[in-house]
Each structure stands twice: as structure tokens, then as C-alpha cells.
Amino acid sequence: MGETWAPPGARDLAGPVRFMWWLTRSQGRRVALGTVFGVCWTVGLAVPPWVLSRAVDDGLVASDTPALVKWALVLLAVSVLNALLGIARHRTMTKIRMDASFRSVRATVWHTSRLGASLSRRMSAGEVVTVGISDVYTVAQALTVTGPGVGAVVAYAVIAVVLFATSPLLAAVILAGVPLLALAVGPFLQRIERTGGTYRVHQGSLTTRLVDVLAGLRVLNGLGGKTFVAERYGEESQRLVGHGYRVAGPASWVGALSTGLPALFLAAVVWLSARMAATGDITIGELVAVYGYVAVLVVPVSFFIEGGGDIARARVAGRRIIDLLNLPLPHDDTRAAASIPYGSGPLIDPVSGVVVRPGLLTALVAARPAEAIAVVERLGQLSTDAGVTWSGVRLTEVTREDLRHRLVVADNDAEIFAGTIRDVVSGRLDPDDDKIRTALRIAVADDVVEALPDGLDAPLAAGGTDLSGGQRQRIRLARAVYAAPDVLLAVDPTSALDANTESAVIDRIRAAREDRTTLITTSSPLVLDRADEVIVLVDGKLSAAGTHTDLLRTDPYYRDLVSRAQDDDE
């Protein structure tokens, strides 16, 4: 699938049905093969009753032993062939469902990787998890209709034609059965679709809470809030159970009708055909055949009902998937191939008026940290395009690969994936042990490695949960330093460090990135004092810029801001 995979287009994301059509079209040959196997298998189910009728009329009734043996052997051959077709159908449909599931997962991973850090502000982690696990399976399950579903339609038509040759009345009863089934099941399918949407919203919300609880379990234990959170989670779980019951009600009716209605249908047709046999309108063999045909019809009728339920659920799940895939990118992804000159030019955010001069260690300070983070997100192209330029070139005109190679945003909450320290620090780059150790030393994280028996080969848990807050922060910073970008935008990278460690980190970063551009959001006096330039924000706009010493002397607002930060540290 990796060689033939292509992301869905805009038309494929216009609705859940179009998305399912994309999944079907993407594996057209396999779906066509599954349809052929499904048709042959379901139609093949109708052959044994006809063979059995010939064995009764030509063999038993006529007392013709050779004919009876002949038709018995034909029945055996047909049964074996149909068993093989059933195996082939099942294997093919399993591949179709797996392909659809993996293709949907790949599409969501592809798009979420393009959304980057903006995803967490647009969709909760629990919703993403639910889409990637539950919804893709539900949509993939609906593709079963391409095999047994199509086969059921063909088999129903074939049996109706065969019965018409036996009795037009019986054929009319058979053909009238499907509209009646649709009338009986249709309202339940519509209710599944309505209630399923509400259930999915609450399911995603509850999954988000579970993810948050697991991520903060250590903090909850320390604060003694685990019991309270567990009670809240239990209450929300019960509310979700209530929504689940409302979905399960019509779903259970669909399941019951898929078994009960075909049985009633079978009883009605058998009763009618038995009366016709008693009056001599049909032979005993034809009676046996009619019973067999109608018994076989239980399978396609069940497929009709189950397929309708699968599609109803898939429409709900598909809507959640395309809602994720339709999330707009922070900026236009179709960039022109513009290039940024190396070693020169400022980085400018016209919204705030911030100008990050090249080759300096710049500190960005604001009374509200969110204002400084918003500037970093615009400069790093993590939010909607705001006309940010670098060396006079709009960043929207630069290829994504070039931009991410030369500009790195080091978020204080950036994810740490499970793996060795070597893998975590090197990230997407090729690992170089000497450079990794240098990056760890610059981030004052070498003591973390020295404390572990396996050194760089020591494994880290997902999220770095086996590290302290300060250790995680230094590992993240080491990863950003290892990338060696021309511009490093770091969000409060020393907030969890003690004063001595913070001082060492800033001194080493300043020395290591002497000729490169580094912007740090912070309110720490230690960092501000060591910065080449300090930019002060007020209400998200540039208020003042200069050295720490000059601003303390000339800017009362900055002086008061630093004073409050010192009081908080004490």
C-alpha cells in the first residue's frame, strides 16, 4: 500500500460517503475481486436447493438410483466449490477492511503531521485517539457491503427469477420482501445515525479526560486529587453509558430484525409453497427447492440489514474522520520555491512589531506569557499566516522542508517519544554520538545520561515520565540544540530549572550559538541579564527593546515586571 498510497483530495472529503468511495476506489482491483467472490458465493448458495430438487424428482420420486447418485455427487461438488469461494471471499474482504483501515490511519497521520503544533489547539487528544482507533475501524467495516452486500443483491435477483419459473406468485412475494424490510429497518438506521453522532462527541471528550488523567497521574498523586478526579471520571463515564444505551437501542433492534424478519419471511413463503404443493401446483422437488431458496435468502436479507447498520454507523464515524482531515493548515501548504539568504536578515512579525535581529540572543518578555507564545507561533509559522518575513522573504513562500531545517520552534511541552536518549535527542536527523553529547552538555543534560547505566542507549518512557520536570526540559532543549538551526525559537526553556543550572544553560547556549539567531521567551532576570537584546511586549505589541540594564534604567513597566518576577522566584 505504501507505493500506491495518495492522500484524499478535497472532493473525497466533501462527505462521509465520498470518503468511503475514496477508500473503495483506492483499492479498486481488490474490491472488484471481492465483489466477484461475493456474488459467486451468494449465488452459489442457491445452487444446492436446485440440485437437491433434481435429486428428489429425478432420483427419489422416479426411483432412479443412478440419477440419485449423479445428483448427489453434483451436490457434493457444488458444496465444496462454494466452500472454497467462501474462503476466498472472506480472505479478500478481510484484506479490503484492513487496507481501508490502514489507509484511513495513514491519511490522518499525514494530515496531523502537517498540522503540527496547531492540532492541539483545534482538536483534543482524546478525539484524535478515538478517530485513529474506533472510527477508522467502523468505516472499514462498512466496506463489507462491496462484497457480500453486492452479492446479496445479485443473489436476491437470481432467486426471484428462478422462482418466477416455478411460480410467479412466489416470485412476487420474494420481490415484495425487500421494500417491507426497508420500511421496518429504515427508521432504526436513521436513529442510529442521529444518536451515534452525540455518542461520538461524548466518547471523544471522555477519552481526552482519560489521556489528561494518565499524563498527570504523578501530579495528582502528589496533590491528593486522584480520588476526586476518579469520581468525576466515573460520573462522566456513566453519562456516556446513558448515551450508549440510546445508540444500542436501535442497534439492538436492527440486530434482532436481521434475524427475526428473515425467519418470518421464510415461514410465510414455506407456508405458501406447501399449500401450492398440496394442490399440485408445484412438485415435491420444487417444494424442497423453494424451501432451500428461501432458506438461502436469509443470508442476503441479513446482509441487507447488517450492511445498512454498518453504513449508518460509518456515516457518523466518517464525519469525524473528515472533520479532522478538513482542518485547515496554519498556512498555505502549496509553497513556492523561494529561498532565504544565509547568514543575514531579521525575522519580523508585523502583527506585534517584533524584529528579531540576526546573530543575537534575544529575550522576549511579557506580563502574560500567552502573548509571547503567540509571537513565537507566528514567527515559527505554527499559526495562521501573519505576513512574517525573514530577510525580506515571506515565510509562506519558503518550502516547508527548508523552513523546518533552518528554523526550529522548541516548545516547552514538546512531545518526548519512547526510545533511547540517542533517538530522542537526534530526532529526525541522523544520530552522531559526539554531536549528541555536545548538545547534551550545552543543555546541561549530560548528568542525566551519566546517571543512567546504558548512557545514550538508556531507554526513555513515552512523554519522559521517568524523568523529572527539569530533566525533561533539558532533554527537549538538547534536541533543539542538536538540530543546529539558523533560528531557534525557544518557549521558556528554563522555567523548571534552579538558578545555577539556568545560568549555566544560558551561558552555554549563548556561546554555542554565538553567530546564530536565538529567541527565548522568559521572565527570568538571569536570562534577561544575559540576553543581547530584550524585547518587551504590552498587550501583545512591541513596547520597548534594548539591553536588560538600559531597560531597567529607562522603562518603569519593564522594571516593575522584572521586580515581580524576582519576587515570584523568592
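**Labels and their cut-offs**

Modeller: Gladly, and let me begin with Val80: its relative accessible area is 46%, so it is partly exposed, a class that lies between buried (under 20% relative accessible area) and exposed (over 50%), with a 1.4 Å probe and protein chains only. Please keep in mind that this is a predicted model, where local features need pLDDT of at least 70, side-chain atom pairs count only at pLDDT 80 or more, and totals for chains, interfaces and linings use all residues. Residues are numbered from 1 along each chain as its sequence is written, and side-chain values use heavy atoms, with hydrogens and water left out.

Biologist: Where does Val80 sit, and what patch does it belong to?

Modeller: Val80 is in helix H4, residues 65-115; helices (H or I, at least four residues) and strands (E, at least two) are DSSP runs, numbered from the N terminus. Together with Val69, Leu73, Leu76, Leu84 and Ile87, Val80 forms a nonpolar surface patch of about 570 Å² accessible area. That area comes from the Shrake-Rupley method with a 1.4 Å probe, and for residues only the protein chains shown count as cover. Patch members need over 30% relative accessible area and no salt bridge; nonpolar side chains (Val, Leu, Ile, Met, Phe, Trp, Tyr) are joined within 5 Å, like charges within 9 Å.

Biologist: What makes Arg103 and Asp99 a salt bridge?

Modeller: The term asks for a side-chain nitrogen of Lys or Arg within 4 Å of a carboxyl oxygen of Asp or Glu. Arg103 and Asp99 meet at 2.9 Å, N to O, so the pair qualifies under that rule. They are four residues apart in helix H4, which means about one helical turn. Arg103 has 3% relative accessible area and is therefore buried; Asp99, at 9%, counts as buried too. Arg30 joins Asp99 and Arg103 in a network of salt bridges, and the count of salt bridges comes to 16.

Biologist: Which parts of the chain does the salt bridge of Arg474 and Asp447 link?

Modeller: The side chains of Arg474 and Asp447 meet at 2.9 Å, N to O. This pair links distant parts of the chain, with Arg474 in helix H17 and Asp447 in helix H16 (residues 446-450), 27 residues apart. Arg474 is buried at 11%, whereas Asp447 is partly exposed at 36%.

Biologist: How do you know that the span of helix H18 agrees with its number of residues?

Modeller: The expected span is 1.5 Å times one less than the number of residues. For the 14 residues of H18 (499-512) that should be 20 Å, and the end C-alpha atoms are 20 Å apart, so the two agree.

Biologist: What do the buried residues of H18 pack against?

Modeller: Buried residues of H18 include Val505, Ile506 and Ile509. The buried set packs against elements including strand E3 (361-366), helix H15 (433-442) and helix H19 (525-530), where contact means heavy atoms within 4.5 Å.
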